[in-house]
Amino acid sequence: RFGRKELADKPMLQLLEEAGVSVAGADQTVSARLSDPATAPLLNLSLGSPLLAVRRVVYDDSGRPVQLLHGLYRPDRYHYRMHLTRAGADVPSIWVSGR
């Protein structure tokens, strides 16, 4: 278990690894949504402003989920980057995440 102090000092994944969890990978989805009455003032936005919604599930090396993240981001302050590589010589039009 981690408290506010630990979470303020270190990233969650580092804390998990220090606790003996072997983090193996994650699934992440990025989508769009509009700010609602609860979210808009927290992000200093007008009601109905566009947001990026991120959902991430982190798994350990046995496939168990060890972290769930739901985040809402202002699109003017969030940058999403992905590295893609070609998947096989027989299928040149397919790209996959390489990292």
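Asp-60 is buried, with a relative accessible area of 5%, where buried denotes under 20% relative accessible area, exposed over 50% and partly exposed the range in between (1.4 Å probe, protein chains only). The structure is a predicted model, in which local features need pLDDT of at least 70 and side-chain atom pairs count only at pLDDT 80 or more, whereas totals for chains, interfaces and linings use all residues. Residues are numbered from 1 along each chain as its sequence is written, and side-chain values use heavy atoms, with hydrogens and water left out.

The side chain of Asp-60 meets that of Arg-64 in a salt bridge (2.8 Å, N to O), a salt bridge being a side-chain nitrogen of Lys or Arg within 4 Å of a carboxyl oxygen of Asp or Glu. In contrast to the buried Asp-60, Arg-64 counts as exposed because its relative accessibility is 52%. Asp-60 in S2 also stands opposite Val-23.

The protein chain contains three helices and five strands, taken as DSSP runs (H or I with at least four residues for helices, E with at least two for strands) and numbered from the N terminus. Along the sequence these elements follow the pattern α-α-β-α-β-β-β-β. Of the 99 residues in the protein chain, 15% are buried. Among contacts with a separation of 6 or more, 36% are between residues 24 or more positions apart, contact meaning heavy atoms within 4.5 Å. The protein chain exposes about 7600 Å², of which carbon and sulfur atoms supply 53%; accessible areas come from the Shrake-Rupley method with a 1.4 Å probe, and for residues only the protein chains shown count as cover.

Three strands form an open sheet in the order S1-S2-S3, with antiparallel pairing. S1 and S3 stand at the edges, each with a single partner strand, so one side of each is left without a neighbour in the sheet. Neighbouring strands of this sheet are turned by 15 degrees against each other on average, direction ignored, the axes being lines fitted to C-alpha atoms (for helices over the stretch in contact) and angles running from 0 to 180 degrees between N-to-C directions. Strand S1 (residues 23-34) and strand S2 (residues 50-60) run antiparallel and are joined by eleven bridges, two strands being regarded as paired if DSSP finds at least two bridges between them. Within this pairing, Gly-25 has Tyr-59 in S2 as its bridge partner. S2 is likewise joined to strand S3 (residues 65-73), antiparallel to it, by eight bridges, and the partner of Val-54 in S3 is Gly-71. The hairpin of S2 and S3 has four residues between the strands, and there Gly-63 takes a positive phi near 90 degrees.

Gln-67 lies in strand S3 and counts as buried because its relative accessibility is 15%. When its neighbours within four places in sequence are left aside, Gln-67 is in contact with Met-12, Leu-13, Leu-16, Arg-56, Val-57 and Val-58.

A search of the whole structure finds five salt bridges, and besides the pair of Arg-64 and Asp-60 two others can be described. In one, Arg-74 is joined to Asp-76, the closest N and O atoms being 2.8 Å apart; here Arg-74 is buried, with a relative accessible area of 14%, while Asp-76 is exposed at 54%. In the other, the side chains of Asp-36 and Arg-33 meet at 3.1 Å, N to O, and both residues count as partly exposed, Asp-36 at 25% relative accessibility and Arg-33 at 35%.

Tyr-80 is placed in the loop between S3 and strand S4 (84-86), and at 39% relative accessibility it counts as partly exposed.

Most residues other than glycine have a negative phi. Asn-44, although not a glycine, has a positive phi of about 55 degrees. Asn-44 is located in the loop between helix H3 (39-42) and S2 and is exposed, with a relative accessible area of 67%.
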